[in-house]
Amino acid sequence: MSKFLKKMLVSLKKDDIEEIKKRLIINEEDSQMTKIAVVGVMESVGREILSFLEEDGIKAKDVFAVDYKSALGNQVSYGEDDDLDVYNLDDFDFGKVDVAIFATTDELAKRYVPKALSKGIKVIDTSSAFFAEEDVPMIVAGVNDVKVSEAKRGLVSIPSAAVTQMLLPLSKVNEKYLINRLVVTSYSSTSVYGKEGMDELFNQVRKIYMNDSLVDDQQVFNKQIAFNVIPQVGEFLGDETQTEWALNAETKKVLNGNVKVHANCAVIPAFIGCGLFVNVECADEVDVEDVRTLMSKTEGVVVFDKHVNGGYVTMSDVQGENEVYVSRLRQDVSVENGISFWCVADNLRVGVAKNAFNVMKLMLGK
């Protein structure tokens, strides 16, 4: 405390002194609070990340909402009572924050993540822009947390929603039985294509009920999405799609390079959520009931598996939920040491936003 401040305190009343001390303490605490930037807040994933921050009790003054080419005056809701000004990504000073979560396209991540890292902050990237870089670990919180220590540049990437949804229930199973092979069939909602994909589904359904033509109404999907199933998610890379390739490659990076993965991915006429049928082949003899117990004990996983009509969880049941729900768990008798299961989750919240939020806490040591 300076000599001037000490002299001033001597001349003040006791109540005044206590009030000044309180304010000094509050200001010091505010300066020590972690400042967080969320980049991409005008899209669904970015808004869900804001939701997790608000639900965790992080105050609005400690959160910076950022988006590409955001116009002056743009705002986004933060909980029920607060609104955040949306900063333009080109002008934002990342030196104001301690950590940034990027919920953007690969292109924007490649352009702006290095800018953020240059300020000495930590970054969580939800895109695949830095997937191939060895010093950028890919993390599913609760599965391979120890890899946070490998983020030498302060940069961590997280996998696509389907990978997080699949691997979280299998985390303890892999520890005990060692997974050798995975065959996964994904049924993704149109939200994997962002707002444009969901809007196209809505518009097509409306036109069909109004008996209107769908001509020139296929901007996002190559086929009609309303009342249809499209066996393509992402562009083709040879004989598999981008999403099928990612399920394979990202799973290997999170678990280990030896696991074999085969993926089949389709998009269905739903707005939010993802459903997976997963077949698992383990190195050791596996017991289904033990697997059920292991999954039930995994944080963030709920096993609801009744062998009766309707005794399972569907995509429409889990919108807005924060857990992965497992059903239809059974032995896969077509292989040795095999099991299969069905799982569903809100892909925006659980698959991306919640994982990004939990990885942020890992990086900050919270």
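In the predicted model, strands β8 (residues 179-188) and β12 (residues 274-282) run antiparallel and are joined by nine bridges. Within this pairing, Ile 179 has Cys 282 of β12 as its bridge partner. Both strands belong to an open sheet of six strands with mixed pairing, in the order β11-β8-β12-β15-β14-β13. From one strand to the next, the twist averages 20°. Helix α5 (residues 161-177) packs on the sheet, where it touches β8, β12, β13, β14 (324-331) and β15 (338-345). The direction of α5 makes about 25° with that of β12.

The largest nonpolar core has 49 residues, and those with the most contacts inside it are Met 166, Leu 170, Leu 182, Val 280, Met 295 and Phe 341. Two or more residues each are given to this core by α5, β8, α7 (242-254), β11, β12, α8 (288-296), β14 and β15. Helix α5 gives the most, with eight residues. For Met 166, leaving aside neighbours within four places in sequence, the contacts are Leu 182, Val 184, Leu 247, Thr 251, Leu 276, Val 278 and Phe 341. Another core, of 35 residues, lies apart from the largest one; Val 45, Ala 60, Leu 84 and Met 363 are among its members.

The structure holds 11 salt bridges. One of them joins Asp 62 to Lys 35, with the closest N and O atoms 2.5 Å apart. Asp 62 lies in the loop between α3 (44-55) and β2 (63-67), and Lys 35 in the loop between α2 (14-32) and β1 (36-39), so this pair ties together parts that are 27 residues apart in sequence. Asp 62 and Lys 35 are both buried.

A salt bridge also forms between Arg 153 and Asp 135, whose closest N and O atoms are 3.1 Å apart. Both residues lie in the loop between β6 (122-125) and β7 (155-157), 18 residues apart. Arg 153 is partly exposed, at 34% relative accessible area, and Asp 135 is likewise partly exposed, at 28%.

In the salt bridge between Lys 176 and Asp 290, the closest N and O atoms are 2.7 Å apart. Because Lys 176 lies in helix α5 and Asp 290 in helix α8, the pair ties together parts that are 114 residues apart in sequence. Lys 176 is partly exposed, with a relative accessible area of 47%, whereas Asp 290 counts as buried at 19%. Finally, salt bridges that share partners join Lys 35, Lys 61 and Asp 62 into one network.

How values were computed. Residues numbered from 1 in each chain as written. Predicted model: local features only at pLDDT ≥ 70, side-chain atom pairs only at ≥ 80, totals over all residues. Heavy atoms only, no water. Pairing = 2+ DSSP bridges. Helix = DSSP H or I, 4+ residues; strand = E, 2+ residues; numbered from the N terminus. Axes fitted to C-alpha atoms, helices over the stretch in contact; angles between N-to-C directions. Contact = heavy atoms within 4.5 Å. Core = buried A, V, L, I, M, F, W, Y, C linked by side-chain atoms within 4.5 Å. Buried < 20%, exposed > 50% of the residue type's maximum accessible area, 1.4 Å probe, protein only. Salt bridge = Lys/Arg side-chain N within 4 Å of Asp/Glu carboxyl O.
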